[in-house]
Every structure is written in C-alpha cells, then in structure tokens.
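These are my notebook entries on a few features that I looked up in this structure. I took helix packing to begin with, then a chain interface, then backbone angles.

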Amino acid sequence: MGSFFRVAWHVMRKDLTVEVRSKEVLLTTLFFAVSVVLVFSFAIVREGRAPDDVAAGILWVAVSFSGTLAMGRTFERERYNDTLRALLLAPTDRPAIYTGKLLGLLILLALVEMVLVPLVGLLFTAPILAYPGRLAALLALGTLGFAAVGTLFAAMLVRVRSRDTLLPVLLYPVTIPVMIAGVRGTAALFQAVPDEAMAQFWIGLLVFWDAIFVTLALWTFEPVMTE
Amino acid sequence: MTKLNTLFIGLSAGMLAVAPWIINAAPYESTMGLVQKVFYFHFPSAILFLVAASICGVSSGLFLFFKKPKADGWALAAAELGLVFGAVTLVTGPLWARKAWGVWWVWDPRLTSSLLLWMIFSAYLLLRKYGGPGSDKLGAGMALFGMINVPFIYVSVNVWRTLHPQTSVVPTLPTDMGIPLWFCFAAFTMLFVTLLNLRARLEHQRARVEALYLAEDEA
Amino acid sequence: MRFCRVFVFLVAGAAAAPALMIAAQPPPQSEFVPVDEVPPGEQIPAINLVATAYGFVWVVVLGYVWSIARRLQRVEAELADLESRRK
C-alpha cells in the first residue's frame, strides 16, 4: 500500500512540477472555461438578465468542457516527448501511475473551479456561499467521476488515431450520469428555496458512480495500457 | 451465409410477418387502448438491447483480461446489434408514448439512460471505425463502462417516479397478452442470435483475411 | 494487488450509496389490465403509430440483414481469393 501511494505521489508531483514551470494547461484551460461561461451567457441572457436556475447548468458545462481540454493536453505532452512509454516501463503498479495522473488532473481542475465558481456566482447571482460544504462535495465528487473516466480514456487514446475528436465523443456519453447528478444537486442548492435533502440524494448518487468509475478505471488501466 | 442461418432468418421473418394477426387477437389494454400493442415489439427489442450491451461488455472483459482474441469480434458484433435493437427500442417507444403520454419524449430515468446507452454504443462503433490500430483495447474499456448502465436502466423504473410502466408488467401479464408477447420475443431472439452469429463471423473472417495478407507480405 | 484495499473500500462505498436514494414516490403503472373494446374515436391515430412502429421494425431488420449479407459476401470472396492464391 505504501509504495502504491508513493508512486502515485511521485507521478502527480512530476506532472505538477512541469505544470508549475509552464502553466500552459492551467492557463489555457482556465481561459477556455471562462470563454464557455461567456458563450453560454450570450446564448441565454435576454434583456440584460439571465433566466433563473441556469447557473448550475452553466457551471457544469464549463467544468466538463474545460476538463476535456485539460485531459487532452496533459497526455498530449506525454505523447509528444514519448515519455508515457518510459513511465509505463517503470517497474511499478500501473494503477499507481493512473492514480498519480488522476490526482494531478484533479488538482488542476480544482484550481480552475476556484475561479469558475465565483465567476458563475457573480454573473448569475447564484448563492455559492449558502452551503459551501455541500457545493464543494458536489464539485469534488462530480469532478472526480468525470476525471477518473477522462484520465483512463485520454491515456488509452494516446496511441489511437484522431484522438482529439474521439476523446469528447467517448467521454461525454459515459460520464453523463455524473453530470446529471452534479447539475441536479447544484441546482437544488442554487434554487430560490434550497433543497438540502435533494442535494444530499445527488451527493449519494455521485459517491455511487465515483466508486464504480474509479474501480473500473483502476481495473482496466493495466490490461489496456499493456501492448 | 450458411443454410442454417438463412433458415433461422427466414423463420423469424415469417414469425414477424404473422405477428400482426396474433397481436390483433390479443385484448386491448384498459387505459392505453390500441397503441399499447407497440409493446409487443418494444419489449423484446428493449430486452435484447440490454442483452447486447451485456454481451458486448462481457466479451470485452474476456478480451481485455483473459486475452481471448476472438472475444473482440463478438464484442463488436454485439455492439452493432445493440445499436440496431436500441434504435428499434428508441423509435417504437416514442411512437407509443405519443399516444399514451401525449408527448414523444420525456426526460425520465429509463428513457434518458436508454438513450445514453445507445449513445455509448454509437461512440464505441465510431471509435472502432475511425480509431485505427489500438482502438480494440480502448473499445473494450469503453464497453465495460457501457455495460454498467444495464442494471441501472433495468431497475430505474422501479426506483424513480416515472411515467414508464414498471418491470412487474411482464410477469403479471394475462395469458391473452402473454402469448403474442412471447411469440414476438421468440422471433426477435432468433433473429438476434442469428445476426449476432453472422456479424461475429464477419469479424472473424476479416481477421483471417488480415492474417493472410500479413503472411503474404512476409513471404 | 496492492490496490485491492482501495478496491474493497470503493465497493463498500458503492454498496452504501443506494441507501441514500429512497424517496416517497407515487407508484407508476404496475400491470396491464385487458379490455375487449377500444374506446370509440381512439383507433384512428393509434393505428398509424402502431403501423409505423411495425414498419420501422421491418425496415431496420431487412436493412441490417442486407448489410451483413453484403459485407460477409465480400469478405468471404476475398478470403477465398487469398486462399486460392496461397496454393
């Protein structure tokens, strides 16, 4: 167990060190996320006012779109330098490498969300501070489920033709259950009369899907990455 | 196509051809009336849609974890049949709903998750078609993620509040309605098995052709 | 494997989650009740929907059988060609 987490920790630190030096993925993802929010604002705002109950949807669309971008980019770097092969040749548990990659991506997306959530709260007058714990749980669990599948698919797609178009094509149908739970749970917290029980229900469902997705991803990473 | 396969396809086509008379003899449903007869096509194709998804997932697991090369052909065949039977389910469903519920579509858990599963298998087939080398393993991983939706779809109507009839409809079906249903189910299943067999054979023959070309290149 | 314990933990999480999903809900239709007569004025639009559904099944099945037959014929011809060349 100890070495599993040590390897995961090293892979994560490697990714984050590269990222701290260039900030490429963080900045492009962040900018893209903000653009998505703006595009949606222009699409739905009428006479200077956004309709009610759209904040949750826009937040999650921005998270999923920018998340796909970040996943594609982190593995693009590995492919470009042909370092994924070196990483996989290391005499360690493959699932540990996957876990490290996933943790790196999660930290990146958490940083993006820290900007995204206040922005959505500000632009769409969503009560983001009413239930900070519940909102954080929804975002963390939703991002985990999404990123768990995304990391696996992005890693597998490194070797496949037309990977840039295929990542969203494969990822969105599979992760929509997580998206639905995230959006409905967040909407329950953002509505005029917040429904805590409903948010709790969706958090439970997110735990359920996350457990399935993470287990299945850890399980399939090994055989899928073996040539 | 072998003679046996042709026979089975002919037989199921014959059964589908006489099905309208058998369905016509069945009684009308008390609240939905005539339109409920869509059920006799909708239910078998929906069940086989889920069966196809499960076969695809299980064969993908065999391919991925136990390195059975032929299982990949079965997975691809099952995915394609899932797409076909899923399309039948997703088209006959709204036709029934238009009359029974007054709308073509509602976003309830059963309908949404069925559409999702269909999307997953469309994505799987897109990947297999355009992914090139390496897409077989990735596809297998994808199919496993698709398969976990199956039990979710099956129980969704019993867990959530929804317009869709519950799973208990079928076991409590009166005999007059049960005979046409199982008649249609038999026809659909025979068709499914034969087509799955043929489609998998197509994939296995393709693999043989590829191996022969490789051998020719080496020689 | 080392992540076995993580696995067990996750499965336990998956098993516990549905407990949170129980909610009071009105029961949907749980059985079909047969009647002999269709309410008058109902048949005309419904028959179109049923006929469309039946027609769609036929179109899809025939189209798919044709597509498989064509592809299979092509591959088997290619296979026969290759095998005769090897001899």
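**Entry 1. Helix packing in chain A.** I worked from a predicted model throughout. I looked up how helix H3 (residues 55–80) of chain A packs with helix H7 (residues 163–190) of chain A, and found an angle of about 150 degrees, with the axes 9 Å apart. Angles over 145 degrees count as roughly antiparallel, and H3(A) and H7(A) are therefore roughly antiparallel to each other. I noted that the crossing of H3(A) past H7(A) is right-handed.

I then listed the residues that make this contact. From H3(A) they include A:Ala55, A:Gly57, A:Leu59, A:Trp60, A:Thr68 and A:Met71. From H7(A) they include A:Asp164, A:Leu167, A:Pro168, A:Leu171, A:Val183 and A:Phe190. Sorted by class, the contact of H3(A) with H7(A) comprises twelve nonpolar, six polar and one charged residues.

**Entry 2. Chain C against chain B.** I next examined the interface of these two chains, where 39 residues of chain C are in contact with 49 residues of chain B. On the chain C side, strand E1 (34–35) and helix H2 (43–86) each contribute at least two residues. Which element of chain C supplies the largest share of the side that touches chain B? I recorded H2(C), with 24 residues. By class, the side of chain C that touches chain B has 28 nonpolar, five polar and six charged residues.

I also looked for strand pairing across the two chains. Strand E1 (residues 28–29) of chain B is joined to E1(C) by two bridges, and the strands run antiparallel. Within this pairing I found B:Glu29 opposite C:Pro34 of E1(C).

**Entry 3. Positive phi in non-glycine residues.** I looked up A:Thr125 and found phi near 40 degrees, a positive value in a residue other than glycine. A:Thr125 sits in the loop between helix H5 (94–123) and helix H6 (132–157) of chain A.

Note on methods: Residues numbered from 1 in each chain as written. Chains lettered and ligands numbered in written order. Predicted model: local features only at pLDDT ≥ 70, side-chain atom pairs only at ≥ 80, totals over all residues. Axes fitted to C-alpha atoms, helices over the stretch in contact; angles between N-to-C directions. Helix = DSSP H or I, 4+ residues; strand = E, 2+ residues; numbered from the N terminus. Parallel < 35°, antiparallel > 145°, perpendicular 65-115°, else oblique. Left-handed = near helix turned anticlockwise from the far one by under 90°. Contact = placed C-beta atoms within 7 Å. Nonpolar A, V, L, I, M, F, W, Y, C, P; charged D, E, K, R; others polar. Pairing = 2+ DSSP bridges.
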